[in-house]
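Here are some exercises to work through with the model open beside you. Try each task before you read its solution.

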Amino acid sequence: MLGVGLAAVAAGLRGASGTAVAAPAAAAPDASASIKVGVLHSLSGTMAISETTLKDVMLMLIADQNAKGGLLGRKLEPVVVDPASNWPLFAEKARQLLSVDKAAAVFGCWTSVSRKSVLPVFEELNGILFYPVQYEGQECSRNVFYTGAAPNQQAIPAVDYLMGEGKVQRWVLAGTDYVYPRTTNQILEAYLKLKGVAPADILINYTPFGFSDWQTIVAQIKAFGSAGKKTAVVSTINGDANVPFYKELGNQGIKATDIPVVAFSVGEEELAGMDTKPLVGHLAAWNYFESVDTPENTAFIDGWHKFIKNAKRTTNDPMEAHYIGFNMWVKAVEKAGTIAPDAVIDAMIGVSVPNLSAGYAAMMPNHHLTKPVLIGEIGDDGQFDIVSQTPGLVVAQEWSPYVAETKDLIGDWRKPLSCGAFNVKTSTCGAGGGKHA
Amino acid sequence: MRRLACLLIAACLALGLAGAARADDAVAALAAPGFERTRTAVVALGRSGDPRALPVIVALHDGALYVRTDHALFIRAPAGFVDAATGVPAPEVAPNTVKKVRVNNAVREAINDALGALRLFASDPSARIAAAQAVFHAHDPHALAALDQALAKESHPEVREAMVQARAAALLFAPDASTPDRLAAVATLRARGGMDARSLLDQMTGQPPAVAAAAASAVTSIDRTLQLWNLVQGVYYGISLGSILLLAAAGLAITFGVMGVINMAHGEMVMLGAYTTFVVQGLVLAFVPALSAVSVLIAIPAAFAVSGVLGIVIERTLIRWLYGRPLETLLATWGLSLILQQAVRTVFGASNRAVSTPPWMSGEGHLGGLTLTYNRLAIIVFAFLVLAGLMAVLRFTSLGLRMRAVTQNRLMASAMGIRTPRIDALTFGLGSGVAGMAGVALSQIDNVSPNLGQGYIIDCFMVVVFGGVGNLWGTVVGALTLGIANKFLEPVAGAVLGKIVVLVMIILFIQRKPRGLFPLKGRAAEA
């Protein structure tokens, strides 16, 4: 998942105050009319496999809220559009949702490239986007609420776990060749070096999308792992290239006890299509697993199975992110008493709702969530056995402290600062003092 | 004498009792929550030497060990629960009152190590070898006593060798071993060679200088051998990739190379072969589960038939109107490839389909320092069988004779009474059928998805053009060259850059030799 860029952060810079353009989404004066909620997920094309589930979960959440009497006494009405895994089409559909359908909030996007594509539209039309997927960070827009994990809420704790519990000293950073893995690995490499790992003990490897002939690379990992130090693979390999990768690991007899692989993009949905017996013990880091044993989660899974009419469908981390994001939006609208975007954006900060692992998710001033970090080992039933959980909640670092260009930046959308990229050294806001840096 | 015997017996009893007591404690500790405690308990159980330890650890290994709220442990057997401490059946235990004892990687590692030590006395020699290898991997000095005991009784030469190596590994990490013993152990490991031995020698710290020097020289020597084997291994990987390219391109070598049809839907024929494998597997599992291990073999003729018949239909309905118009053929077949992809997506869904690998195709074998993965080995063999079959058809059958006649001189062949349209259809069907068989092989190593073919079509054309159009031998050499070049570039330049380098090399090569490695000569070349 997650697409294009760190460098694209300069998009959409505007005046420092971030004054709102005439708020189109608030233009429904009729108090009895329904409130429109936009759902912007690909229902066709390559991303459909992952995103269709998120559309379904949004429909379920909206139906549940309507059953509870709607919002501000009005019914919620989902507006589902299909951007067809086509990044420019995401921007068009976002424009349609905001200016034609007057959606009060939009829940959508999966890859970072699609998010980058709609970002200028949301900033221009002052809309609200809830983005539910773990991503590479290095972004903080006033109009986006990032309900997925930032790197320090997934990648860094996973590395810490392996370093501590797994006593790992040698690292292979393997990823698909595009922006999310490259940015994440850049952060991880800086972090590992900071922790005293020698450059000779880090191997970085990139492969194209859909790569299938893993023989030499797995052999390389095996050789790298036989230098007498415990070795682990940190995998940002994306999509279906994971299947032949894990198959080849099994074929070459690399077990999780020899060289564990911790993945950031392999969840319940991806495991559903794989034979998990040879994968037992390999790890994944997320903020939610279907196997979380809490009454809230059981209720959520039951509700999902009833709604989708299939008891075999799995739940996953981005679904929980939408669950949290939607409940937060409902709370913020109730708090603000209106769906006007400026009021809701201000009301969002500080809202906290229960997550599915018996804790609370709070919306921080940087528009990211507090999250628990869970490490799971793949079990032979295709589910994750949770082997580690952070004792408290982790606050997102939207700007990585391990990357030289961003280590002094913070995002804080509370007044009077209201800045997505405030440099604490120079006390200036962003490159042009913008809405979004 | 009798007093001595008495003493011995008493000592043994005491030891046995102490062992039993330790085992009881360890079993009890297994019931406590926390991975670290479970791990320590497994280690203690493994060292206790108690006969009851084995079933408990095996149960833990298989995920059949359960704990009740009062910390009593039970093993789930087919007939019902059994008390883990006593081995007595416990029919009163209901499944919903007990919870599975959870394990993580650290515990799994301890289990494997403990099982190794406990199984050294197994009756099956291969189990004893596996046990010795596990002990080698664990190199736990506590296993030395058990190893010595096992070695004293062992007569099987291979098992002995494995045990001697395991003993050497454990000895190196024993704090009280003497320097000559250590030197002997280093020599044993040096003779064993391989990555594991190298890794162990690298891990040793705090050794006497003589041992450290011997270890360092052993590491250098092992490295030298490993490098040599790596080279051979690289060639194997290259042949493996080459054989896949060969399989995928062999059909194209017929349709494009022999008939001159630019078939952009060739990849989809491969994809359909892979989906046929999926369907055949499902059918076999549903109707004759006994044959599921060979369902891949059953899928081979089925895939040939599906893709072949479809190829004939395509030739009769689409391509025959377009002979001699390469641009239109290219566009029409490209459109066809999109139609086929979407059709498969509609029928089977957008998500990938899992084709399972039969047990005889999983795992790896060793040949010296060479690691041969069975699935790749099977594909290499299959690729060359398909090639041999194809050549036999072209060379020795009357259909092959007619095909060659038509492609060499269509008018003359027609004048001799050969029904050229029929031969065209059959040739295209043959090429497509071979592509279908390639799909069976690909289903074993790649994702069975509607996009499967797209990933191979460019490579296929590259192989055929590089090898020389119209020449099967050229295709063989082209496929293997590209495979080996790719696999040697990959570790050096990375997968992305490696591919680019290969492409640039091909472009340069085509500039020099536009007709490929083995161009057709004489009148056939002008046809």
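**Exercise 1. Describe the contact between chain B and chain A.**

Step 1. Start with the count: 39 residues of chain B and 36 residues of chain A take part, where two residues are in contact if their C-beta atoms, placed from the backbone, lie within 7 Å.

Step 2. Now look for the elements on the side of chain B that touches chain A. At least two residues each come from α4 (105–118), α9 (194–203), α10, β6 (370–373), α19 (472–493) and α20 (495–512) of chain B. Helices (H or I, at least four residues) and strands (E, at least two) are DSSP runs, numbered from the N terminus. With 6 residues, α9(B) gives the most to this side.

Step 3. Sort that side of chain B by class: 10 nonpolar, 19 polar and 10 charged residues. Ala, Val, Leu, Ile, Met, Phe, Trp, Tyr, Cys and Pro count as nonpolar, Asp, Glu, Lys and Arg as charged, and the others, Gly among them, as polar.

A note on conventions: residues are numbered from 1 along each chain as its sequence is written, and chains are lettered from A and ligands numbered from 1 in the order in which they are written. This is a predicted model, in which local features need pLDDT of at least 70, side-chain atom pairs count only at pLDDT 80 or more, and totals for chains, interfaces and linings use all residues.

**Exercise 2. Work out how α10(B) and α11(B) pack.**

Step 1. The axes of α10 (residues 209–258) and α11 (residues 266–287) of chain B come within 10 Å and cross at roughly 135°. Axes are lines fitted to C-alpha atoms, for helices over the stretch in contact, and angles run from 0 to 180 degrees between N-to-C directions.

Step 2. α10(B) and α11(B) are therefore oblique to each other (under 35 degrees is roughly parallel, over 145 roughly antiparallel, 65 to 115 roughly perpendicular and the rest oblique).

Step 3. Find the contact residues: B:A248, B:G251, B:L252 and B:T255 on α10(B), facing B:H266, B:M269 and B:V270 on α11(B). By class they are 4 nonpolar, 3 polar and no charged.

**Exercise 3. Judge the confidence of the prediction.**

Step 1. For the complex, the predictor gives an ipTM of 0.81 and a pTM of 0.81.

Step 2. Chain B averages a pLDDT of 85, and 94% of its residues score at least 70; pLDDT is the predictor's confidence in each residue, from 0 to 100.

Step 3. Within chain B, confidence is highest in α12 (residues 295–317), at a mean of 95, and lowest in α21 (residues 523–526), at 51. Where pLDDT is low, the predicted coordinates should not be read in detail.
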